[in-house]
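This report describes selected parts of one protein chain. The reader is asked to keep the sequence and the structure in view while following the text.

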Amino acid sequence: MSETVLLRIGGRTRPAAGEATYEAVSPVTGQGFTRIAQAGEEDVEAAVSAAAAAFEAHLQETAFTRAAWCHRIADVIESRMAELGRLLSLEHGKPLAQAEAEVMLSAQGFRLAAEEAKRLTGETIPVQDQNKLVLTTRKPRGVFAAITPFNFPVNIPVEYLGPLLACGNAVVWRPAPSTAAVAGALYDCVEAADVPPGLINLVTGTDVGPARTLVSHPKVVGVCFTGSSRTGAEIAELAASKTQLMELGGNGPIVVLPDADLERTAAAVASSAFMNSGQSCSAAGRVIVAGSVAAELEERLVEQARREIVGSPFDPATTMGPVHSRGVADTMARHVADAGSRGARVVFGGAALPDRPTPLYWQPTVLTDVRADTAVMREETFGPIAPIHRVDDDIDAIVGVANTGVHGLSSAVFGQDLDRTLSVAGRLRVGQVTINDTSNYWELHLPFGGAPGRASGQGRLGGRHAAETVTELQSISISLTSPWR
């Protein structure tokens, strides 16, 4: 890939104002492979205006017409799976098989959005006035901003773009700067599907100013964002009067009870910690283990870590590619060093592998004897790390540690007593809990988001939950000349 990835505004492919660009560099090779348009304030204004005009022009389209657009996009994505998957691996670093699976999941995401839009119904409501018929309907809200992250740069955008388009809204999409090339390729699928111009617009760039302009623009009625808690808080403040759908940071507590099946638990915890090189908001941020089983779990988790093969994402044997960026690698190094300075031991990994094309090929890392006051226990690492924190075999103590910190996105509980595992799950202040499986378990239609009052976002992605958020409920009262029965 060599041509510059350009902006897509109102159905036109064009350079940024002033023709500014930046280089896209692969974490796999350390080499630049294309250039990306650097959008400015003028480009954001043009994109919002184009989205507003398209929204008004297509406001009367039926749910069935919009669903057909989404199905056509899915058809194109499926036909370009190999091309998209290879670009995703090159730009992100994830193994090719995982990249191709993400691409296919994004096609399913558009199909799910299409069908949910056709099921988005209202209701009739009983009232005291016998000459009134009152009903509700759901209507599109208008122009949304969608700001998406690097970790799943094809699928996460579709979690927003699908419901927004299927439910009749228009959107200005700003992808993560470091995965903007695959975003451009995904947009090409939208264009090839003959979606009316302006309903989805793509603006790329590294500058914060244009992103702030987009979020706070008076014509933008809602903001969809997946990313860090800190950035999410800033966006929430800028978009205080707007609809917000945000999935933010996690530092998920993985709770291992005294009666857990440790072979099964170790495999699931490893999947939670190392999948996508740990770059998942639902990853195993903290492994909180009953003291009586901690030593055996540690041994089994090290065995799992040894099975991971870190290498080129284009090698079929690879199970873990490089982490995506220097920022992720730096956080890994800082968290390992901080834990070590406070008494933790590295029992596997703990550093990047030498003699690789970039310093981003981090080993899966297992820490033990990790104290509660360490950075890795309080912050989201977003890298392949499993920090083990031992707690006495006391359920109240285990739950108390699990509920510390500011995050509240996802968790997992391991134990063979179903009554007890359900009780613990119910006490955890998180948005979703898996029992005896990876905390990364998720399906497109399931509700996904953070617990109230925590720093992990608001609203729910997934199926009808996202569709309801991006539409507004309208009540209609009809006066009749004779009583309604």
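## Residue A52 in helix α1

In this predicted model, A52 is part of helix α1, which covers residues 41-57. Is A52 buried or exposed? The relative accessibility of A52 is 18%, and because buried means under 20%, A52 counts as buried.

Setting aside residues within four places in sequence, A52 is in contact with V143 and K219. A further distance relates A52 to G10: these two residues are 42 residues apart along the chain, and their C-alpha atoms are separated by 9.9 Å.

## Residue C70 in helix α2

Helix α2 comprises residues 63-79, and C70 is found in it. With a relative accessible area of 0%, C70 is buried. Which residues does C70 touch, not counting those up to four places away in sequence? They are F110, A114, G162, L165 and A166.

## The nonpolar cores

The largest nonpolar core has 84 residues. Those with the most contacts inside this core are I73, I77, F110, L165 and V195.

Not counting residues up to four places away in sequence, I77 touches L84, V103, S106, A107, F110, L186 and C189. Apart from this core lies another, of 42 residues, which includes I254, V269, A402 and L428.

## Residue H92 in helix α3

H92 lies in helix α3, which covers residues 81-92. The relative accessibility of H92 is 1%, so H92 counts as buried. Leaving aside neighbours within four places in sequence, H92 is in contact with P27, F150, N151, P153, N276, Q279 and H324.

Two polar contacts involve the side chain of H92. In one, this side chain reaches the backbone nitrogen of K94 at 3.2 Å. In the other, a polar atom of the H92 side chain lies 3.3 Å from the backbone oxygen of N151.

## Two residues with positive phi

E19 is a residue other than glycine with a positive phi, near 60°. Where is E19 placed? E19 is in the loop between β2 (12-14) and β3 (21-25). Its relative accessible area is 61%, so E19 is exposed.

D194 is likewise a residue other than glycine with a positive phi near 60°. The loop between α6 and β9 (200-202) holds D194. At 59% relative accessibility, D194 counts as exposed.

Helix α14 covers residues 418-427, and T421, V424 and A425 are buried in it. Why do these buried residues line one face of the helix? Seen down the axis of α14, they fall within an arc of 100°, so they line one face. The buried residues of α14 pack against β12 (252-256), α13 (395-402), β17 (410-414) and β18 (432-435).

The face of α14 turned away from its buried side carries the exposed residues D419 and G426. For D419, the relative accessibility is 64%, and D419 therefore counts as exposed. The backbone nitrogen of D419 takes part in the cap at the N-terminal end of α14: a side-chain oxygen of D417, the capping residue, lies 3.1 Å away from this nitrogen. D419 and L120 are 299 residues apart in sequence and, C-alpha to C-alpha, 36 Å apart in space.

## The crossing of α13 and α14

How do the helices α13 and α14 cross? Their axes come within 10 Å and cross at roughly 35°. The crossing in which α13 passes α14 is right-handed. The contact is made by I395, D396 and V399 of α13 together with R420, V424 and R427 of α14. One of these residues, V424, is among the buried residues of α14.

Definitions and conventions:
Residues are numbered from 1 along each chain as its sequence is written. This is a predicted model: local features need pLDDT of at least 70, side-chain atom pairs count only at pLDDT 80 or more; totals for chains, interfaces and linings use all residues. Side-chain values use heavy atoms; hydrogens and water are left out. Buried means under 20% relative accessible area, exposed over 50%, partly exposed in between (1.4 Å probe, protein chains only). Helices (H or I, at least four residues) and strands (E, at least two) are DSSP runs, numbered from the N terminus. The arc is that of the directions from the helix axis to the C-beta atoms. Contact means heavy atoms within 4.5 Å. A polar contact is a pair of N or O atoms within 3.5 Å; within protein, one must be able to donate a hydrogen and the other to accept it, and residues adjacent in sequence count only if both atoms are side-chain atoms. A nonpolar core is a set of buried Ala, Val, Leu, Ile, Met, Phe, Trp, Tyr and Cys residues joined through side-chain atoms within 4.5 Å. Axes are lines fitted to C-alpha atoms, for helices over the stretch in contact, and angles run from 0 to 180 degrees between N-to-C directions. A crossing is left-handed if the near helix is turned anticlockwise from the far one by less than a right angle, and right-handed if clockwise.
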